[in-house]
Amino acid sequence: KVGDLVRSLILSDQVTVCHDLSDGGLIAAAAEMALASNTGCALKAAASTAPHAYLFGEDQARYLVAVKDAAPILAAAQAAGVEAAVVGKAGGADLAVEGLFTLPLAKLRAEHEGWMPAYMGG
């Protein structure tokens, strides 16, 4: 159900960006999307779930989608019997999780792109 819904949203041009959460969880998907678009993201921490489980859970059939208007997406998810929630907002120059951390994209990019050359001694 989830895959069918996400595919239909993509095909109908309702989704700007989509990333599955199966490799690194929500935080990895948000970081990769932020780096690729050079647009920050502020995520809300889930009150009902431990932060590490919420941010790093690699469940199958979970997606982070960027949309201009969440209301039609939430309505489509409800109609399809699929759980969906607004988890944050894109914008700015930082990757942040409310109440946990704020990381400038420039620092994230430097660490992401610089670790291998540093490891290899160059």
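Ala-34 touches Thr-39 and Leu-105, leaving aside residues up to four places away in sequence. These contacts come from a predicted model. Ala-34 is buried, at 2% relative accessibility, whereas Tyr-119 is exposed, at 65% relative accessibility. The count of disulfides is 0.

- Helix H2, which spans residues 25–37, contains Ala-34.
- The relative accessibility of Ala-34 is 2%, so this residue counts as buried.
- Between Ala-34 and Asp-69 the separation is 35 residues in sequence and 18 Å in space, taken from C-alpha to C-alpha.

**Cysteines**

- A disulfide requires a pair of cysteine sulfur atoms within 2.5 Å, and by this rule the structure has 0 disulfides.
- Cys-18 takes part in no disulfide, and its nearest cysteine sulfur, that of Cys-41, lies 14 Å away.
- Cys-41 is likewise in no disulfide, with the sulfur of Cys-18 as the nearest cysteine sulfur at 14 Å.
- Because its relative accessibility is 30%, Cys-18 counts as partly exposed.
- Cys-41 has a relative accessible area of 14% and is therefore buried.

**Nonpolar surface patch**

- Trp-115, Met-116, Tyr-119 and Met-120 make a nonpolar surface patch of about 540 Å².
- Tyr-119, one of the residues of this patch, belongs to helix H5, which covers residues 105–119.
- With a relative accessibility of 65%, Tyr-119 counts as exposed, because exposed means over 50% relative accessible area.

Definitions and conventions
Residues are numbered from 1 along each chain as its sequence is written. This is a predicted model: local features need pLDDT of at least 70, side-chain atom pairs count only at pLDDT 80 or more; totals for chains, interfaces and linings use all residues. Side-chain values use heavy atoms; hydrogens and water are left out. Buried means under 20% relative accessible area, exposed over 50%, partly exposed in between (1.4 Å probe, protein chains only). Helices (H or I, at least four residues) and strands (E, at least two) are DSSP runs, numbered from the N terminus. Contact means heavy atoms within 4.5 Å. Patches are made of residues with over 30% relative accessible area and no salt bridge: like charges are joined within 9 Å, nonpolar side chains (Val, Leu, Ile, Met, Phe, Trp, Tyr) within 5 Å. Accessible areas come from the Shrake-Rupley method with a 1.4 Å probe; for residues, only the protein chains shown count as cover. A salt bridge is a side-chain nitrogen of Lys or Arg within 4 Å of a carboxyl oxygen of Asp or Glu.
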